[in-house]
There are 2 protein chains.
Amino acid sequence: MSELRKDPIVNRWVMMAPERAERPIQIAERQRQPNIEFDPFAEGNESETAPELLSIRRADSEPNKPGWRVRVVPNKYPAVQRIGEFERRHEGLYEGTCGFGAHEVIIECPQTEPNLSRLSPQQVTDVLTAYRDRLIELGTDHRLAYAMIFKNQGTLAGASVHHAHSQLIGTPFVPFTVAEELAGCQEYFEQHGRDIFEAILEAELHSRSRVVLETPRFLVICPYASRVAYEMWIVPREPGSHYERIGSSDLEELGGVLKTVLRKLDIALDDPAFNYVLHSAPFHQPRLPHYRWHFEILPRLTRLAGFEWGSGCYLNEVLPEVAANRLRETIVD
Amino acid sequence: MSELRKDPIVNRWVMMAPERAERPIQIAERQRQPNIEFDPFAEGNESETAPELLSIRRADSEPNKPGWRVRVVPNKYPAVQRIGEFERRHEGLYEGTCGFGAHEVIIECPQTEPNLSRLSPQQVTDVLTAYRDRLIELGTDHRLAYAMIFKNQGTLAGASVHHAHSQLIGTPFVPFTVAEELAGCQEYFEQHGRDIFEAILEAELHSRSRVVLETPRFLVICPYASRVAYEMWIVPREPGSHYERIGSSDLEELGGVLKTVLRKLDIALDDPAFNYVLHSAPFHQPRLPHYRWHFEILPRLTRLAGFEWGSGCYLNEVLPEVAANRLRETIVD
């Protein structure tokens, strides 16, 4: 028998239907291996990208030349650009604006390697440091309300270049999903006098059935109302609404945590496509006692279909307790 | 330069970035043709499905035997089942329930044909009639608040069986997307004293740049803030909040409209995968003056990636004006 679960933060229902995993699918699909002819993100090809916005590189190296470990560049095909002002334009019923915003690419390593999880923990920490530093810089732009960092790993997750990279899109408004999450957290705080993430961590550490990994500063869980099979959240154990205020020792530990859980995913599910997103508080808000930044990792094992599009509900065929157990027991080399 | 557009009904922003369509994609992907060994939905194979809930069939034929044109059966691998009651269960922080609901399959034709658009207008009308009749029946179940009808066409849209079919999922709650849409429509009605769909149709008929097809009773548009390339909405020109109250002559005209626009999509984009969803008012609500049922057709030409997952914003590379023009000018055989 299936069950329905409601997300504790937002108004989102998930149908957990493990029996459906047994149905025959007429087409089995595997992620195809890319045939890389040329890697525009590799060391030595710096001229293929726009000039760098940030790099972590050897002290004796020059910008836009080899010698870097992580490099952030503007997206060559930007969805939005940081030009002009955000002015809402009304055309009768409709509201729009010019495409103001920031669209950047975080190149995660100099070598041709498609998968962040195969980098060293220190390299992953460098990537997480670049995230922080870009958020600090973009947060000084009064025109931007938010910047979302996300990763598309594998074709099935929307990647079009197969060198390990993540992206950042800065917007003049707070994206809907984040606004909804903030509102849900605030409501819980007003009703219960505590941060809902604290309550979630407490519940998860008590039951342990959805815990994937526990370190001194972080907890990785498969959330109670996981939208997709093997969804994982990385949540800091101490309060902190803005990721850009993370300290160096947290960054170092987080690098190891992110690498470990992505490796677990790769080993358990044979290098699946996945997305991750970093949710953090909006730029121009003070420290929020009711919110905590976190990573949401979403493997793309099945496709979103009409029901999810039309309803905003999700259909998940793997219980988070089953997923967490498998990931927890997957030994990382 | 790209632009940002806000949906007039819900709080959803879309980034229109036509330049991005020019970027190289390292892996071109085509929908693979299924290799159908056995068609469980074909006429003659009625015993492969659960007993039918409804069929449109020859007067001299028997249930669950050949002689039908459309057949509705319970999903063999249901996400939810119509057993027991919907009782919310709280486990501390978390809220859930047993998997109560309805999950049905509408088999759209007796022959092995994967595409609804290749059926005759009368066959499409039969399908639309089956939708109506199932909603009427399910609406008498006090435990169900809503039933969503949707279609997954093609592997990339989540289809697992390649015989033309749609599905229905009935839920004990109103799905989030519909609730949000209803709230947006009500807010507009309270502010402007009129149905927002009336305002949208008026604006679209005035500019005509996003109109794909116009018939006496329906308008098909690419909406202003289209989430995906070639998104289309079929909207009735007269008010009507509940699809299940549609009249026979509307059904007949709608059959031709749906067939025509899906054919246009097939011809213009070479049989793309797509989803469609029918949005209608919840069962146990009176006729709503501020709402109108409609179909939303969502081609699946690109994949949802991390940004969409994380933000609830969409990135669309084809302006709806360009899409509408192309679809409008596509001649249907």
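1. In strand E15 (residues 314–316) of chain A, A:Tyr314 is the bridge partner of A:Val14. Strands here are DSSP runs of at least two residues (E) and helices are runs of at least four (H or I), numbered from the N terminus. E2(A) and E15(A) pair in the parallel sense over 3 bridges, where pairing requires that DSSP finds at least two bridges between two strands.

2. The model is predicted: local features need pLDDT of at least 70, side-chain atom pairs count only at pLDDT 80 or more, and totals for chains, interfaces and linings use all residues. Residues are numbered from 1 along each chain as its sequence is written, while chains are lettered from A and ligands numbered from 1 in the order in which they are written.

3. E2(A) also pairs with strand E1 (residues 3–6) of chain A, in the antiparallel sense and over 4 bridges. The two strands form a hairpin with 6 residues between them, and A:Val14 is the bridge partner of A:Arg5. From strand E2 (residues 13–16), A:Trp13 and A:Met15 point one way and A:Val14 and A:Met16 the other, and all are buried. A residue is buried if 20 or more other C-beta atoms, placed from the backbone, lie within 10 Å of its own, exposed if 12 or fewer, and partly exposed in between. In a regular strand the side chains alternate between the two faces of the sheet.

4. Strand pairing also links the chains: strand E6 (residues 94–98) of chain A runs antiparallel to strand E1 (residues 3–6) of chain B over 4 bridges. A:Cys98 stands opposite B:Glu3.

5. Helix H2 of chain A (residues 176–192) should span 24 Å, because its 17 residues count at 1.5 Å each, the expected span being 1.5 Å times one less than the number of residues. Its end C-alpha atoms are 24 Å apart, which agrees. The buried residues of H2(A) are A:Thr177, A:Val178, A:Glu181, A:Leu182, A:Cys185 and A:Tyr188. Seen down the axis, they fall within an arc of 130°, so they line one face of the helix; the arc is that of the directions from the helix axis to the C-beta atoms. The face turned away from the buried side carries the exposed residues A:Glu190 and A:Gln191.

6. The cover over the buried residues of H2(A) includes helix H3 (196–207) of chain A and helix H5 (306–311) of chain B. Two residues are in contact if their C-beta atoms, placed from the backbone, lie within 7 Å. A:Gly193, with a positive phi near 70°, follows H2(A).
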